[in-house]
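Please take a look at the sequence and the model, then read on.

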Amino acid sequence: MDEEARKTFADEVDSRLEDLFGEDEKPTGEDAPSLEDLEIAVEADPAEEVVEALLGKDEVPTAQDLPEAEPGGTAGETSPLRELRSMVLSIDWEITDEVMGTFLDQVESLKGAYGQDRWASLLLQGLSSLGRYIRRRKGKAHPNSINVLKSLYGSLEKVVLPGKADEDEKKRIVARELERFRELKKDVAVGRGRAATVLQRPALEEIKEVIRSEFAKLRAELRSMLQGKSD
Amino acid sequence: MAFINLKKREVQVKIVYYGPGRGGKTTNLEYIYNKFNQRIQTQMVTIKTQGDRTLFFDFLPFDMGKIKGYDVKVQLYTVPGQVKYNATRKLVLRGVDGVVFVADSMTVRRKHNMLSLKNLQQNLASYKKSIFKVPLVLQFNKRDLAEQGIPLLSLETMQRDLNTHLKAPTFEASAIVGTNVPETLKKIISMTMLSLEKELK
Ligand SMILES: Nc1nc2c(ncn2[C@@H]2O[C@H](COP(=O)(O)OP(=O)(O)OP(=O)(O)O)[C@@H](O)[C@H]2O)c(=O)[nH]1
Ligand SMILES: [Mg+2]
């Protein structure tokens, strides 16, 4: 290989490496950490007093302000809450535009149903901004975002289903959720998150395949070593 | 030897991060994953015990796209550094094309670095590979700890301990902050690719 061709090859490799791992200008578009979705309109400091100050103690909805209670105090088969729960569960497995679109529709319809409830509407805001963020990033969403989403949903149930929590408890629940939400937002901003192992199914299959074939080779290697072939 | 499929025009390049336990191998890969996963579009597999020690290996594959008409696929692995896992270490080294040796700059780890490098040499030899010939980059990790007043080996000492004979390229780094982590990676890939060039007709 002459010097000229060699140089071209090295250049080609280096420029590709620069594309992939170079320190670049500010990330833009697709690459941006997409924080804009992660907003809750009320910039709430999650401390209990602050939430209280923000919302006003006497503005806290009372039982009769709440929408119709579910029959028997649980989410009925067809209630939007129930549907949302199954959506939340499926997001664990599959993040597609379709799933996320339905999820966001559900959240919207719950906003209609529980919009009067201050606590619920904060949680719903969280669900919808996080949902939009996940829809955009899909498999690339922060590994912890699904956990936060589930937790927000769990708290929503506690807050809206009658008899699950009293006012003080609700306040505490919402404050804790806002805190988690803020933590996540910070992590997304700095690209932090040690558990880098949220796997989408196709990727998981691919990796399993590589590992499987790697192990097949290793087993063969071991066998030949055991048979005393190599050292 | 890299897996080269002339017909499909595909090359698989295997890079292994080697070094003493707790030296920062996994942290290197985590930084790369967290920082670049949007560009390299991949997933990372990591198998750890509760105390964050690598149990088996970490694995981060990605595509580099076409180079010289070949689809280049890179696989990054780490080995478990703990002495007792030598069998796994040896297995992970199988078919390696390039090695990053992550040394721990903490003074108390001086001996661990040297033993681990020796261990690398032996394990490579078991595959009839020479540590002097395999593409190799040395990373002197955890330099950030100096700021916290933690005693670190001087660069001269590390060079003398580890690199007198190898004369490999070296980087001072902080895997946790990310300093020189991409540089280390770029260097090893580029050295490895050059070493494979002859095979890519
Ligand atoms: N201050 C500092 N800490 C680091 C750095 N790199 C790694 N660490 C820390 O050192 C510890 C061990 O890092 P790992 O990346 O797990 O080390 P490893 O080489 O993979 O260890 P094994 O899997 O046991 O072989 C972790 O607590 C890291 O956070 C660094 O550059 N600076
Ligand atoms: Mg490790």
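A residue is near a molecule or strand when one of its heavy atoms lies within 4 Å of it. With that in mind, 20 residues surround ligand 1, and the closest are B:Lys25, B:Thr27, B:Thr54, B:Gly81 and B:Asp144. This is a predicted model, where local features need pLDDT of at least 70, side-chain atom pairs count only at pLDDT 80 or more, and totals for chains, interfaces and linings use all residues. Residues are numbered from 1 along each chain as its sequence is written, chains are lettered from A and ligands numbered from 1 in the order in which they are written, and side-chain values use heavy atoms, with hydrogens and water left out.

**The two chains**

- Helices (H or I, at least four residues) and strands (E, at least two) are DSSP runs, numbered from the N terminus.
- Chain A has 8 helices and 0 strands, so its elements read α-α-α-α-α-α-α-α from the N terminus on.
- Chain B has 5 helices and 8 strands, and along the sequence they follow the pattern β-β-α-β-β-β-α-β-α-β-α-β-α.
- A residue is called buried under 20% relative accessible area, exposed over 50%, and partly exposed in between (1.4 Å probe, protein chains only).
- By that rule, 37% of the 231 residues of chain A count as buried, while for the 201 residues of chain B the share is 57%.

**Around ligand 1**

- Which element gives the largest share of the shell around ligand 1? That is helix H1 of chain B (residues 25–40), with 3 residues.
- For the classes used here, Ala, Val, Leu, Ile, Met, Phe, Trp, Tyr, Cys and Pro count as nonpolar, Asp, Glu, Lys and Arg as charged, and the others, Gly among them, as polar.
- The shell around ligand 1 holds 5 nonpolar, 9 polar and 6 charged residues.
- A polar contact is a pair of N or O atoms within 3.5 Å; within protein, one must be able to donate a hydrogen and the other to accept it, and residues adjacent in sequence count only if both atoms are side-chain atoms.
- Polar backbone atoms of B:Arg22 and B:Gly24 each lie 2.9 Å from an oxygen atom of ligand 1.
- For B:Gly23, a backbone N or O atom is 3.2 Å from an oxygen atom of ligand 1.
- Taken alone, ligand 1 exposes 650 Å², and the protein buries 88% of that (accessible areas come from the Shrake-Rupley method with a 1.4 Å probe; for residues, only the protein chains shown count as cover).

- Just after H2 of chain B, B:Gly95 takes a positive phi of about 70°.
- B:Lys14 sits in strand E2 (residues 10–18) of chain B and counts as buried because its relative accessibility is 5%.

**Positive phi values in loops**

- Most residues other than glycine have a negative phi, and most peptide bonds are trans.
- B:Lys142 is not a glycine, yet has a positive phi of about 70°.
- B:Lys142 lies in the loop between strand E7 (136–141) and H4 of chain B, and at 16% relative accessibility this residue counts as buried.
- B:Asn180, also a residue other than glycine, has a positive phi near 60°.
- B:Asn180 belongs to the loop between strand E8 (170–172) and H5 of chain B.
- Is B:Asn180 buried or partly exposed? B:Asn180 is partly exposed, with a relative accessible area of 24%.
- The backbone oxygen of B:Asn180 is reached by the side chain of B:Thr184 at 2.6 Å.
- B:Thr184 is in helix H5 (residues 181–196) of chain B and is buried, with a relative accessible area of 0%.
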